Amino acid sequence: MADDAAAVPARTPKGHPMTPALRPGGLTASLRRPLPRAKRPTAAARRARAATAIAGLIATALPAVTATASAATASTAAAPVPRLVWQSCADGFECATAHVPLDYRAPHGATIDIKVIKHPAAEPAHRIGSLFYNPGGPGAPGTLALRAMTSLFPEQVQKRFDIISFDPRGVGTSTATHCFPDIAAEQRFFAGVPAGFPVGRQQERTWTDAYARFGQECLRNNPALLPHLSTANVARDMDLLRQAVGDRQLTYYGVSYGTYLGATYANLFPGRVRSMILDSAVDPVAWSTKDSAQAGRLGAFLRTGTDLAADHVLNAFLDQCGQAGPKTCAFAAGDAAATRAKFATLLQRLQQRPVTIDTPMGAMPFSYASALESIALQLDATRPIPYLAAGWTGLGSQLQQLWTGSTATTTAATTAADAPAPAVYQGKEQALGVVCADSANPRSPSAYPAQAALARARSGPLGAYFAWAAEPCATWPATDRDRYDGPWNRPTANPVLVVANTGDPAWPYQGSRAMAQTLSRARLLTVDGYGHTVLANPSGCAAAHEARYLVDGVLPPSDTVCRPDHQPFDTVG
C-alpha cells in the first residue's frame, strides 16, 4: 500500500522481460570494506568442524524473527518530522542527525538516528531546493560518498541545489547493524572462510556454516533493528527528511541500488515526486519477485542476470586491454585473443596456489576466488576516481602483478584475521540486512552449489561469485514485513528519468530498460559506454540532459543516445 495519501489505484504492469540487474559491492564497496583476502588452507578443516557444532547450538536457541504484524500500516503520516540542526563537519559540508521511528507501525515509539550531510547550493540566491543523493551499495554510507562524488554532479545542479545524502538505517554512522563489538572481531570470525566464494565441497560447508552462525550472531546483537531494514523503510525515512528540509516534493538522484530506493519511494509516495534520476537501475520486478517458483530456483543476482553482464564487460576489458597494449594496459599480451588466453592461464595458476602482491593497503594475498571478486568490483569505473577506484588501467596493473607473482614462490596466504581493522565498523551485515530484506532467494543452502555450476556454465569464471553472493540470505534470520514488492507502476506527479550505460557490469543495461518500462511515467537516456553508473563514468552529453531535467523539468527526447567523455584506455590526463 502506498504511503502517499494521493496515491491512485495500481494499474496492470507493462510487459517487459525479466532482465538482469545487480551485484553486490561495486564502486561504493571501497567505502565500507577492505580488499578481499585469501583463506589459510591449513585451518579450514578445523574451523569447519567447529562451525558445524556451534551453528547447531545457536540455531536451536534463536529462531528467525519478523517485524510484528499489527492492525496499523507502516506510514509516515503520523510520524513526527525530525528537526535538523546543521553544523560544519568538513570542508564545504554540513551535517545533522535526524531521529526517525524504528517501526513506522509505531510512529511515536522507539526512534533511531539517521546521519545526514549537506553540500549547500553554490548560488543560494538561485537555489531551487534540495537534491537527495543515494550512492547505492546497498550499505554504502552517503555521508562518505557525497564527499567523494559532489564534484561529478553537473555544474548547474551544484549551483542550484543543496545536495543532501545520508547513511541509511543500519549503515555507517546512523543507528547501525553491528554483529560484533568491532570489525576486528568480525574479521576473526570470518578467518578461514573462503574469500570471494567457496571452491569445492569442504569450502562450501565452511561457507554455509559460517554464514548461518553469522546471521544468528547478528540477530543476537540487533534483535530490534534487524526486522526493520528494508528499502521501503529507508524510503519512509527519506520522506521525513524531505519534510525536514522544507521541500514540498522530492528531487532525487539515486545510483546503483539507490535506483531501487528511488523506485520504491516513487511508488509509496507517487504524488511527492518532483524529479528523479535513476542511474544504472535494477529491474524492480526481477529483484523483488514474489514468484515463489522463480525465487526457489535462482538467487537474486542470477535472477537479475548480473553474472551475464559482468562476464560481458570482463571480456570487453580484456579485448580493449589487448588492443591498447602494455604501455596503457600492463596486462596486455599483444592482441585481444592473446590477452584472453593470458587471463585464462592466470586463473589456472591461481587455482593452484594464492599469490601475494603489494597494494596500497600493504601486502595482499589473492586466491582464485578472491581475485575474481576483486576483478568484478574493479570493472565498475573505466577511469580512476580519487579514493574510490583505480579504473581499468589500475585493473590491468593489478592483473599484471598477479601474473608476475604467480611465477614466483609464495608463502602461505593470510586470512581476514590478519588484516588491519578499519577505523569505522562497517561489516558485511550492513549490506546483507538490506539485500535479504528486499529480495527473494532460495532458503536452502544446498541449492547454491548447483546455482554456481549453472552460473559458471553461462557466464564463465565470474559466475560462481554472483551465485554465492545470495547464499547468506538462505539462513538470514529476519525479514521485514513492511518491505515493498510492488506494484511498480503508480502514476507519479512528474516523470522519472532513467540513465544507463550499455556496458554496465553491475546493473545491466536491460535492467534500466526494464525499470523505464515498468514505472508509470519514465524515460530512458542511454550512454553507449562501459562502467557502472553514468555519474562515475562521465558523459557531458548525459550531464547536460540531467541538469536540464533537474533544473527545468525537461526530459531528453525519446531514444536519446549519448557517448561517454572518454574511452576506457584513453590517456589519463
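Entry 1. I checked burial for one pair: C436 is buried, and C473 is buried as well. I take buried as under 20% relative accessible area, exposed as over 50%, and partly exposed as in between, with a 1.4 Å probe and protein chains only. The model is predicted, so I note its limits: local features need pLDDT of at least 70, side-chain atom pairs count only at pLDDT 80 or more, and totals for chains, interfaces and linings use all residues. Residues are numbered from 1 along each chain as its sequence is written, and side-chain values use heavy atoms, with hydrogens and water left out.

Entry 2. I then looked at the bond in this pair. C436 and C473 form a disulfide with the sulfur atoms 2.1 Å apart; the criterion is a pair of cysteine sulfur atoms within 2.5 Å. Helices (H or I, at least four residues) and strands (E, at least two) are DSSP runs, numbered from the N terminus. The torsion about the S-S bond of C436 and C473 is -90 degrees, a left-handed link.

Entry 3. How many disulfides does a search of the whole structure find? I get five. Counting bonded cysteines along the chain, the pattern is 1-2, 3-4, 5-6, 7-8, 9-10.

Entry 4. I looked up C321 and C329, which are joined by a disulfide with S to S at 2.0 Å. This disulfide is left-handed because the torsion about the S-S bond of C321 and C329 is about -90 degrees. C321 has a relative accessible area of 0% and is buried; C329, at 0% relative accessibility, also counts as buried.

Entry 5. I looked up C89 and C95, a disulfide with sulfur atoms 2.1 Å apart. Is it left-handed or right-handed? The torsion about the S-S bond of C89 and C95 is about 60 degrees, so the disulfide is right-handed. C89 counts as partly exposed, at 30% relative accessibility.

Entry 6. For the chain overall I noted 19 helices and 14 strands. Of its 573 residues, 61% count as buried. The accessible surface comes to about 20800 Å², and 53% of that belongs to carbon and sulfur atoms; areas are from the Shrake-Rupley method with a 1.4 Å probe, and for residues only the protein chains shown count as cover. Among contacts (heavy atoms within 4.5 Å) between residues at least 6 apart in sequence, 80% join residues at least 24 apart.

Entry 7. I looked up the largest nonpolar core, which has 149 residues. Such a core is a set of buried Ala, Val, Leu, Ile, Met, Phe, Trp, Tyr and Cys residues joined through side-chain atoms within 4.5 Å. F214, M276 and F317 have the most contacts inside this core. Helix α13 (residues 368-378) gives the most to the core, with seven residues. Leaving out residues up to four places away in sequence, M276 touches L250, Y252, G262, Y265, A266, V496, L497 and Y549.
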